Amino acid sequence: MSFLIAQSLINGVILGTLYLLMAIGFTLAFGVMRIVNFAHGEFYMIGAFMALIGVTWLGLPYGVTLALTVAFAILLGALIERVVFRPFRADELSGMIASLGLAMILQHGALIMFGPDPQAFPSMASGVYRLGDLIVPKSRALTLGIGVVILLGFYVMLMHTRFGRGLRALVQDQEIASLYGVRLEIMYPLGLGIGIALAAVAGALMAPLFGVSPFIGSTPLLKAFIVVILGGLGSIPGAALAAMLLGILESFTSSFVSASAADILTFVLVIAVLLFRPSGILGRGEA
Amino acid sequence: MTLKSIAQLNGTVPIQFIVLATGLVMLALIPWFTGSIFHFHIAIMVCLAAMATFGMATIAWVGQLSLAHGAFVGVGAYTCALLVTRLDVPFVLGLPAAAIVSGAIAYVIGTPLLRLRGVYFVLITFALNELFRLVMLEFPAISGGSNGIAGIPKINLFGLVLQHQSEVYIFTLAMLALVVTFLWAVRRGPLGRRFSAVEENLELAESSGIPTARTQNTAFVIGSGIAGFTGAIMAHYIGFISPETFAFGLSVSYVIILVVGGRLLLAGPLVGAIFLTPLPEFLRGAQEYQHVIFGVVLILVLRFLPDGLAALPARVRSFRRAGQ
């Protein structure tokens with residue numbers, strides 16, 4: 001029994017890391033630009049396709065592919081901020097509706113380019129690590145490792161650079177931040193770009209585990225959405241806590257009860273949090 | 001409002017109104033001119049899409065966007081289909097029951113839900129839509145699970161079974177007219193004035209003594225009831241429903257129709273449905289592009305025509321006046 005608990009815990013942490021990668025971009029877009037980005041899951045899908053193109057079509061090493069994916073996603077995010085979201089800065093609802101349109105364009109654009117069939121992705125590592133009775137496939141360990149490194153990098157950037165300070169200032173108060181010299185013209189495109197890059201990295205990391213198709217974005221979007229609401233819209237520490245909780249909760253309920261029970265439970269939780277504590281479990285976001 | 005005041009000034013019906021009405025009637029008659037079953041089918045789908053979007057519009061008139069609209073269409077569809085297939089209730093009773101059940105659910109959840117505004121309301125309704133789908137999948141004994149309910153009988157009005165598409169079309173058209181007339185009356189009355197006061201400035205409305213929470217809840221109940229009403233007709237026309245029919249995508253399609261048609265004008269949902277529902281059929285050669293086109297149209301309309309296509313005549317008029 002204790003073995004099963006430990007195994008569920010490990011699986012939960014791996015899931016939680018993925019959810020956190022997805023959730024940060026989503027919550028950042030809301031915190032900084034007041035955009036509820038329903039297209040966020042499509043960037044996960046685009047990241048997975050980028051990795052597929054890099055590794056299987058161009059034959060690049062996985063590490064190089066990941067770096068290229070990040071660079072491409074930041075540029076794409078900046079472009080999308082300029083073309084799609086900028087006109088709706090003052091209008092949350094219109095920005096959100098525009099993101100619904102953007103999601104349709106991206107998903108069906110990918111469908112036109114790559115076809116509907118799921119594509120296999122070569123595994124990046126084979127074999128398993130054994131710790132006593134516990135089994136962790138090396139591919140999952142690799143995903144977890146890279147994910148944690150990227151999250152740490154993001155944390156350092158956010159907490160210890162001028163740019164990160166600017167982003168945090170914007171989340172707290174946009175007017176005062178810009179009064180103190182935070183330049184919106186740079187922060188908005190770059191903020192969205194970095195959030196999108198994290199989603200794309202999540203897609204590129206998960207591609208070897210789950211395969212690639214134009215429709216893979218909807219589940220990660222849903223998870224990001226759940227995590228961000230539980231953690232409080234716009235709150236990054238809240239997202240971190242909620243992502244780990246959600247990953248572990250899902251892992252445990254699907255081990256001990258059933259996967260669909262986990263889904264229903266999380267949605268009931270989401271609705272309860274929105275109703276009774278819209279600022280999230282940590283209460284650091286805003287409502 | 002402006003049309004009416006112009007009419008009163010001149011003592012005649014304005015010419016634009018006549019042109020518009022004639023155009024609509026001609027448009028509605030197209031399937032009879034061509035006689036094609038396929039055109040009848042499209043016309044029915046236009047009516048159903050417009051009707052459901054009218055429900056969503058009612059909620060938008062108090063300033064809220066409900067992404068649970070697809071689920072409310074589903075509640076109506078399941079209510080009517082289950083009543084008719086399991087309990088042998090006649091369709092003419094199942095149809096109002098569908099609207100009442102949807103409206104009642106909206107009434108119960110509306111009070112706590114509508115404390116949330118703007119994107120928070122959108123997010124919670126999005127979660128509710130997903131919850132509806134999951135719950136329907138979880139209890140196959142009632143809902144048929146992922147297999148859905150198949151073989152729903154055709155619409156039966158006091159023993160008259162609507163076999164042919166043209167008969168269903170007449171019925172749907174009549175129901176659409178009923179819904180539009182009802183909403184037209186609502187908008188003209190004191191409730192409609194409360195709606196627009198709440199939409200325009202909630203704090204001001206509140207401080208002027210308008211019960212804003214109750215007003216929003218009323219709109220939510222009416223809109224969701226209309227959704228359920230539409231769902232019942234839809235279920236019995238198509239003959240098959242499953243939880244996936246009422247997934248997030250359905251709500252999004254209504255959002256697109258509403259935004260492209262016009263969020264605040266009475267004609268909005270109708271214009272949007274007439275414009276967008278037949279579009280895929282004309283894009284048969286480029287079917288894979290239709291969703292991309294929908295997405296592009298949505299963003300362009302939001303950007304350049306935020307009041308929707310229905311506001312286009314007024315815009316052109318004011319543009320001309322500015323030019324003179």
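Helices are DSSP runs of H or I with at least four residues, strands are DSSP runs of E with at least two, and both are numbered from the N terminus. With that in hand, take B:I152: it sits in the loop between α7 (140–143) and β1 (156–157) of chain B. I will come back to that residue.

Ground rules. This is a predicted model, where local features need pLDDT of at least 70, side-chain atom pairs count only at pLDDT 80 or more, and totals for chains, interfaces and linings use all residues. Residues are numbered from 1 along each chain as its sequence is written, and chains are lettered from A and ligands numbered from 1 in the order in which they are written.

Confidence next. The model scores ipTM 0.85 and pTM 0.87. pLDDT is the predictor's confidence in each residue, from 0 to 100. For chain B the mean pLDDT is 85, and 94% of its residues reach 70 or more. Residues 1–11 of chain B fall below 50. Beyond near neighbours in sequence, that stretch has six contacts in the model. A contact here is two residues whose C-beta atoms, placed from the backbone, lie within 7 Å.

Now chain A. Its secondary structure comes to eleven helices and two strands. The order along the sequence is α-α-α-α-β-β-α-α-α-α-α-α-α. The C-alpha trace spans about 55 × 45 × 35 Å along its principal axes. How does the radius of gyration of chain A compare with that of a compact globule? For 287 residues a compact globule would be near 19 Å, and chain A has 19 Å, which agrees. That radius is taken over C-alpha atoms, and the globule rule is 2.2 Å times the number of residues to the power 0.38.

Burial in chain A: 48% of its 287 residues count as buried. Buried means 20 or more other C-beta atoms within 10 Å of the residue's own; exposed means 12 or fewer; partly exposed is in between; C-beta atoms are placed from the backbone. On contacts, take pairs in chain A at least 6 apart in sequence: 76% of them join residues at least 24 apart.

One loop residue to look at is A:R34. It lies between α1 (2–33) and α2 (40–57) of chain A. A:R34 is buried, with 20 other C-beta atoms within 10 Å.

Over to chain B. It has 16 helices and two strands. Its radius of gyration is 20 Å, close to the 20 Å from the globule rule for 324 residues, so chain B is as compact as a globular protein of that length. Its C-alpha atoms fill a box of roughly 65 × 50 × 40 Å along the principal axes. Of its 324 residues, 46% count as buried.

Domains. Chain B is divided into domain 1 (1–39) and domain 2 (47–248); such bounds come from an automatic or database domain assignment. Over C-alpha atoms, the two centres are 27 Å apart.

Is B:D88 buried or exposed? B:D88 is exposed, with 7 other C-beta atoms within 10 Å. It sits in the loop between α4 (69–87) and α5 (91–113) of chain B. Phi of B:D88 is near 55°, positive in a residue other than glycine.

Back to B:I152. It is buried, with 23 other C-beta atoms within 10 Å. Not counting residues up to four places away in sequence, it touches B:A81, B:T85, B:A235, B:H236, B:G239 and B:F240. B:A81 is 71 residues away along the chain, yet the two C-alpha atoms are separated by 6.4 Å.

Then helix α13 of chain B, residues 268–276. Eight of its nine residues are buried, so the helix is largely enclosed by the rest of the structure. Among them are B:P269, B:V271 and B:L276.

Last, the interface. The contact takes 31 residues from chain B and 30 residues from chain A. On the chain B side, α6 (118–138), α12 (248–261) and α15 (290–304) each give two or more residues. α6(B) gives the most, with 14 residues. By class, that side has 24 nonpolar, three polar and four charged residues. The classes: Ala, Val, Leu, Ile, Met, Phe, Trp, Tyr, Cys and Pro are nonpolar; Asp, Glu, Lys and Arg are charged; the others, Gly among them, are polar.
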